[in-house]
Amino acid sequence: LNPSTYKSAAAVGAGMGFLQPVASDESRTANTVAGGVGGVTGKGAGDLLVKGVNAVRTPITNRLSETSRALASKADELGIPLTAGDRTGNRAMKTVEAVLEQLPITSGKQTALKQAQRKALTAAALKETGEVADEASPEVMAEIRRRLGGDFERIFSKVNIKMDDDLLNSLVKTVQEADATLTPDKARLITNRFDDLAAKADENGQISGKAYQAWRSAVQKQAQGSGDEWFAGQLRNLYRSVDEAAYKAAADVGEDAALTTARGQYKAMKTIEPLAAKAADGVISPNLLRGEVMRNTPDFAFGGGGKLGDIARIGREFVGDAVPNSGTAQRAMMQSLLTGGVGGGIGYAGSGGDMGTAAQFAAGGLALPYVAQKAINSQAGQRYLGKGFGELTPEMVQRLRLAALMSGASGAQLVNLE
């Protein structure tokens, strides 16, 4: 039986009526007609029943795009807590949460939840540096730099970089390109950096890891402070050519994986460093994190940035204040509904203008935000509002509709008997 259309529902109901036993003074035709009408009525009731169950199952419409839902899943994996408003993208729910953050009776706990989000975001970002902490304090940042410095020193104590033909050809290509595209003064600076590196090679044409580190650091700082993007690009081409040779040398001594990890953690540290300097409490700004990651990731718009890129996107999507702090009609209305304004007005009107009754209603209304906050922020409340419960499968929908149809058809039979 598939009562998915009114035509099929009428047919099923009519069939039930036709098969109904009749006495000598009853009409099988009347039963058939009544069953068909009951089937149609049951079909309508079944549709309403399915809608009602769905409304209870998912009380808030999820407005998130597929991309945002994927980010929400990643936030769960990273341990970044999300509110029901975050999980659904529902404007009304986000407004309720924003109002709770402002009201005196609820602001403390709501602000603490927001701060917990920012701390979890900071912890996720710091984890990319290899550190376990939820504040990017000066002490934490100093420890990251100390640890990574030790990692590089250990790795490069084992590494010697060979100035082979591949490396020399790559470096010479950069020098020639600089000669052709830069001013003579800046082209000479590129050549000087090449000469500095060549001078560090021993009689076997090898450069120690320590000498490479010192040379690379100087070239990188020169690129960052040049103010000329094309000149900086040629400097980066120089040290990246040597980086590739360094990875090959590290692989020869079994340290390539360690070097890859240290490089990634160092890049994450340099991304977080300016944000930590601006964070008085050590909790980094989600918006500033995204800006810094974008600046350091040319392919950010195409999904680049690795895990730190995902963390930056999560911060921008969920952790920032997406609802204006004041001046919106939606927020003003929600604040009125959550506080004693409406309650006081009802009490005043209902009592014929008695201020004492109005005050009692208003006092009761003032407790509403606290009660609402407790319900919304509880584990069960967050789970229900953010994810609902279960899902109606096609089989379950069909059973609900069939039950309603049969109920309608049987009810019609009883009416016909009377």
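These legends accompany several close-up views of the structure above.

The model is predicted, so local features need pLDDT of at least 70, side-chain atom pairs count only at pLDDT 80 or more, and totals for chains, interfaces and linings use all residues. Residues are numbered from 1 along each chain as its sequence is written, and side-chain values use heavy atoms, with hydrogens and water left out.

View 1. Let us start with helix H11, which covers residues 229-252; helices here are DSSP runs of H or I with at least four residues, numbered from the N terminus. At the start of H11, a side-chain oxygen of aspartate 228 comes to within 3.1 Å of the backbone nitrogen of tryptophan 230. Just after H11, look for glycine 254, whose phi is positive at about 70°.

**View 2. Aspartate 243 within H11.** Aspartate 243 sits in helix H11 and is buried, with 9% relative accessibility. Buried means under 20% relative accessible area, exposed over 50%, and partly exposed in between, using a 1.4 Å probe and protein chains only. Leaving aside residues up to four places away in sequence, aspartate 243 touches Tyr212, Arg216 and Arg263, where contact means heavy atoms within 4.5 Å. Aspartate 243 and tyrosine 212 are 31 residues apart in sequence, while their C-alpha atoms are 9.0 Å apart in space.

View 3. Glutamate 255 belongs to the loop between H11 and helix H12 (256-278). This glutamate 255 also counts as buried, at 8% relative accessibility. Its side chain makes a polar contact of 2.9 Å with the side chain of arginine 154. A polar contact is a pair of N or O atoms within 3.5 Å; within protein, one must be able to donate a hydrogen and the other to accept it, and residues adjacent in sequence count only if both atoms are side-chain atoms. Not counting residues up to four places away in sequence, glutamate 255 touches Arg154, Ile155, Lys158 and Ala250.

View 4. Side chains of opposite charge can pair when their charged atoms come close. Here arginine 146 forms a salt bridge with glutamate 143, with the closest N and O atoms 2.7 Å apart. The term stands for a side-chain nitrogen of Lys or Arg within 4 Å of a carboxyl oxygen of Asp or Glu, and by this rule the count comes to 17 salt bridges. Both residues lie in helix H7 (residues 138-156), 3 residues apart, or about one turn of the helix. Arginine 146 is exposed at 54%, whereas glutamate 143 is partly exposed at 29%.

View 5. Within helix H9 (residues 184-199), arginine 188 and aspartate 185 are 3 residues apart, and their salt bridge has its closest N and O atoms 3.2 Å apart. Arginine 188 is partly exposed at 45%, and aspartate 185 is exposed at 52%. Lysine 186 forms a salt bridge with aspartate 228, the closest N and O atoms being 2.5 Å apart. Lysine 186 lies in H9 and aspartate 228 in the loop between helix H10 (209-224) and H11, so this pair ties together parts that are 42 residues apart in sequence.

Technical notes. Helix = DSSP H or I, 4+ residues; strand = E, 2+ residues; numbered from the N terminus.
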